[in-house]
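Hi,

Here is the structure I promised to pass on. Have a look at it first, and then read my notes below.

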Amino acid sequence: MNAHRPRFLRSALSVLCLASLAALSGCRGSVCLGSDGCFDNGDVQTISLSGTAATGRALASATIHFDCAAGGAATVSDIGGNYRLMLDVVSPCVITATAGGTTLHSLAFAGGTFNVTPETDLMLVYLASQLGTDTGHLVADLPTNGRFQQALASAADVLAAQTAVVSNLQQRYNVTLTAPSFLTTPFTVGQAGVDSDLDALARAGAIGADGMPDPAAVSLLSQAGAANRL
């Protein structure tokens, strides 16, 4: 037996790991330390996410995509618009639900329940405007923009945006929402609460026939966010 073989193998593995270090560290994935092997970066966590994607009607069989500060994943909602999965990422994560011609956004600042509705889409509009951008750029730039990451990871900032959405919608559309914590409150389509609020907003004109926020509601929340910059 060659006594030098184990040392050679350890050295070879170390070189291989180090060669991959730059690429892996850029996405905060697994990195290699010396000759001891590869380890997960401390920022990566396994989190459990669940929620309901709905417009007043369930977004059944919707593609639910998660774009996070580092990493991402995708799943498909069930017939009731419900989703559940576990993923290894660096939060926060922007959530995008797509079904037919309807695309809605939301976000998760930690593990837990995070719904995807026209209300959460307007909340992303508000947050993006607070940060001087729009929803599309907020999603695309999240992995490389520390300011975006910090804001979306802040439960205080996100919940303040949720409150702003409720206040602006109630004032503009004269609708009293019964579930102001629409982002994280579990709900079932067809029952009172978050879903009945969505029906009320649709009747008031804040949500269009396609299930997406009406352009006037988008403009309302965009202007409100711009007036309250982070």
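Leaving aside its neighbours within four places in sequence, which residues is Ser-50 in contact with? They are Tyr-83, Arg-84, Gly-112, Thr-113 and Phe-114, where contact means heavy atoms within 4.5 Å. Ser-50 is found in strand S3, residues 45-52 (strands are DSSP runs of E, at least two residues, numbered from the N terminus). Ser-50 counts as buried because its relative accessibility is 11%, and buried means under 20% relative accessible area with a 1.4 Å probe, protein chains only.

Before you go on, keep in mind that this is a predicted model: local features need pLDDT of at least 70, side-chain atom pairs count only at pLDDT 80 or more, and totals for chains, interfaces and linings use all residues. Residues are numbered from 1 along each chain as its sequence is written, and side-chain values use heavy atoms, leaving out hydrogens and water.

Now for the core. The largest nonpolar core has 61 residues, and Leu-49, Phe-66 and Met-123 touch the most other members. (Such a core is a set of buried Ala, Val, Leu, Ile, Met, Phe, Trp, Tyr and Cys residues joined through side-chain atoms within 4.5 Å.) Strand S6, residues 82-99, gives the most to this core, with nine residues. In soluble globular proteins, nonpolar side chains tend to be buried together. Leaving aside neighbours within four places in sequence, the contacts of Leu-49 include Phe-66, Tyr-83, Leu-85 and Phe-114.

Phe-114 is buried too, at 2% relative accessibility, and Phe-109 is buried with a relative accessible area of 17%.

Cheers

Technical notes. Helices (H or I, at least four residues) and strands (E, at least two) are DSSP runs, numbered from the N terminus. Buried means under 20% relative accessible area, exposed over 50%, partly exposed in between (1.4 Å probe, protein chains only).
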